Amino acid sequence: MKILAIGDLVSQKAVEKLRAELPLLQESENIDFTIVNSENVADGKGLTKKIFNELNKLNIDVFTMGNHTWGKKEIFELVDNPKLLVPANYSKGCPGHGYIVFEKNNKKICTINLIGRTNINDVLSNNPFEKVDEILKNVKADIYIIDFHAEATAEKLAMGYYVDGRATGIFGTHTHIQTADNKVLPKGTGYITDLGMTGPKNSILGMDITASLKRFVTSLPEKYKVAEGLCELNGAIFEINDETNKVIKVYRIHL
């Protein structure tokens, strides 16, 4: 089995890039299950009903979110959709669900969405390590895949080793820069610190370069705006042994 994870979508142009590339990628790589992080797709912050409906026409099994989950009010009309996950370690009062089990190719696949707490300034979140323990203990599945939406590479790597041997695979999102540490951890869990993003190629994390530089150079506030130009698609593929449900290898995608 092959599971494809696509990094944070940034802007409507990312949707167009995904629409153009995803069917070809799924066919050429014999993809069985696809996960897409969509928390940045509405101009860098949140998800709208219109965009979700567009994405839902593609062959995508699960959509994950992150710190911009509540960026658009329309999300409250979408959170009950079984294909859309919000971070599982959000407070109990938050709507939506943080994991889902779908059956594909006679395998029960549990996708889990978590959010980090280090330097991410998300006061709604509880301890992701405690939450993943709870899910892995109580939810029965053949394969467990985790999207850990976190800022700190150390926190992502710590989570990787924490679930090593218990989760099938874990990938990081949020920082928009694809990391080169795709690997199988000692106890068999597939891992990559960050998938990268799907969005404007010549940009600073998908945002306009001039506006972003002004904030860094002058220390003055400047409103971010999505960059123009061609888009790139980043992600990773987890190849899994059908007999053992263990990851054979993890390899990066950059289109």
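A residue is called buried when its relative accessible area is under 20%, exposed when it is over 50%, and partly exposed in between, using a 1.4 Å probe and protein chains only. By that rule Asp-80, with a relative accessible area of 65%, is exposed. Asp-80 belongs to the loop between strand 4 and strand 5. From Asp-80 to Leu-233, 153 residues apart in sequence, the C-alpha to C-alpha separation is 28 Å.

The structure is a predicted model, in which local features need pLDDT of at least 70 and side-chain atom pairs count only at pLDDT 80 or more, while totals for chains, interfaces and linings use all residues. Residues are numbered from 1 along each chain as its sequence is written, and side-chain values use heavy atoms, with hydrogens and water left out.

The protein chain contains five helices and 14 strands. These elements are DSSP runs numbered from the N terminus, helices being H or I of at least four residues and strands E of at least two. The C-alpha trace spans about 55 × 40 × 35 Å along its principal axes. For 255 residues a compact globule would have a radius of gyration near 18 Å, and the protein chain, at 17 Å, agrees with this. That radius is taken over C-alpha atoms, and the globule rule is 2.2 Å times the number of residues to the power 0.38.

Of the 255 residues, 54% count as buried. The protein chain exposes about 11,500 Å², of which carbon and sulfur atoms supply 50%; accessible areas come from the Shrake-Rupley method with a 1.4 Å probe, and for residues only the protein chains shown count as cover. A contact means heavy atoms within 4.5 Å. Among contacts between residues at least 6 apart in sequence, 64% join residues at least 24 apart. The side chains include 31 positive and 32 negative ones, and the centres of the two sets lie 2 Å apart. Lys and Arg count as positive and Asp and Glu as negative, with His and the chain ends not counted; the place of a charge is NZ of Lys, CZ of Arg, CG of Asp or CD of Glu.

Two strands pair if DSSP finds at least two bridges between them. Strand 1 (residues 2-6) is parallel to strand 3, with four bridges between them, and Ile-3 has Phe-33 as its bridge partner in strand 3. Strand 3 also pairs in the parallel sense with strand 4 (residues 62-64), over three bridges. There, Asn-37 stands opposite Thr-64. Five of the five residues of strand 3 (residues 33-37) are buried, so this strand is largely enclosed by the rest of the structure. Phe-33, Ile-35 and Asn-37 lie on one side and Thr-34 and Val-36 on the other.

Six strands form an open sheet of mixed pairing, in the order 5-6-7-8-10-9. Its edge strands, strand 5 (99-104) and strand 9 (183-184), each pair on one side only. Within this sheet, strand 7 (residues 143-149) runs parallel to strand 8, and five bridges join them. Asp-147 has Phe-171 as its bridge partner in strand 8. Strand 8 (residues 169-173) is largely enclosed by the rest of the structure, because five of its five residues are buried. Gly-169, Phe-171 and Thr-173 point one way from strand 8, and Ile-170 and Gly-172 the other way. Strand 9 and strand 10 (residues 190-192) run antiparallel and are joined by two bridges, with Val-184 partnered by Gly-190 in strand 10.

Two loop residues have backbone angles to check. Most residues other than glycine have a negative phi. Asn-119 has a positive phi, near 60°, and sits in the loop between strand 6 (107-115) and helix 3 (128-138). At 61% relative accessibility Asn-119 counts as exposed. His-176 also has a positive phi, near 70°, and belongs to the loop between strand 8 and strand 9. With 9% relative accessibility, His-176 counts as buried.

The last stop is Gly-235, in strand 13 (residues 234-240). Its relative accessibility is 0%, so Gly-235 counts as buried. Not counting residues up to four places away in sequence, Gly-235 touches Ala-5, Ile-6, Gly-7, Gln-178, Leu-195, Arg-252 and Ile-253.
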